[in-house]
Each structure stands twice: as C-alpha cells, then as structure tokens.
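Work through the exercises below with the coordinates open. Each task is followed by its solution in steps.

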Amino acid sequence: MNLSNLSPAVGSTRNEKRVGRGTGSGRGGTSTRGHKGAKSRSGYSKKSGFEGGQMPLQRRIPKFGFTNINRVEYKAVNLDVLAALTENGSTTTLDKDFFVNAGLASKNAKIKVLGRGEITKALEVHAHAFSKSAVEAIEKAGGKAVTL
C-alpha cells in the first residue's frame, strides 16, 4: 500500500450539487433557491441577530447594572509570585520592565501588588498600587514599595 492507492471510505463523500445547468438536470430554473425574495438573489446575507422584523433578543431582554467608564483595571501580582521569581536571581529592583519580561503583565497594564505569600529578600518594588499587607510585608523584609 502507498499514497497513490488511498481513497476515502465508501459513502463518506458525495458529488457536489451542480445547480443552474438547465431544466433537464432537475436543478435548473430557480437553482434550488425557491421563488423571488432576498434569499433567492445573489449577494444576500442575513444580519446577525435579525429575527425577521420581530424585536430581536438583545433588545427584548431587560438591561440592568452600571458600568463605570472611569474604572481602573489592575493586573494583580502576589508576593509569593515575586518571591519565586527572585529567589535564584540577583535582581532586587522590580520595575515595570521586570513584570513585562516575566510575563506577569502587558506593557500597558497597571500593576497592583497584593499581600498573599511571604518574601524574605529585600526588594525595591515599583508598581501602580499596593495593598496594605503587601507594603507591610515588603518593608518588614527590608525592602521598599515605590508607587509609579
């Protein structure tokens, strides 16, 4: 056996439906599109969510809640993660570039350091925000928490 005598399993393929090839083919005339209307014409495409003029679902269901347009999203980084990243390295200053290179945040993200875990090394951590417990833990280890 080689590639030249491989073929699909019996019954797994069909011939394509050839439409618009005359009335003798059984698929001439309207070419299986029915009579008139938008669906019978070329270039027809239904808008997503369109329900034939009925009020669409996204407009029928009630709206609720509030979205604050001034909300600031932070990328959370915990102390145990910082400890794991710095335990075998000589890095003591953790700035935005460090977080980006470590894959903890994107270059446009704001970073907030949270207090889960412990650190024993004195680190100078530069971030946009800190939790109280994170600042206490960093300073207890002899480090510094610097807000950007």
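**Exercise 1.** Classify Thr30 as buried, partly exposed or exposed.

Solution. Buried means under 20% relative accessible area, exposed over 50%, and partly exposed in between (1.4 Å probe, protein chains only). Thr30 has 34% relative accessibility, so Thr30 counts as partly exposed. Thr30 lies in the segment before H1. From Thr30 to Asp80 there are 50 residues in sequence and 69 Å in space, C-alpha to C-alpha.

The model is predicted, local features need pLDDT of at least 70, side-chain atom pairs count only at pLDDT 80 or more, and totals for chains, interfaces and linings use all residues. Residues are numbered from 1 along each chain as its sequence is written, and side-chain values use heavy atoms, with hydrogens and water left out.

**Exercise 2.** Give the strand order of the open sheet and its edge strands.

Solution. The three strands have the order E1-E3-E5, with parallel pairing; two strands pair if DSSP finds at least two bridges between them. The edge strands, E1 (74–78) and E5 (129–130), each pair on one side only. Strand E3 (residues 110–114) runs parallel to E1 and is joined to E1 by five bridges. Opposite Asn78 stands Leu114 in E3.

Key
Helix = DSSP H or I, 4+ residues; strand = E, 2+ residues; numbered from the N terminus.
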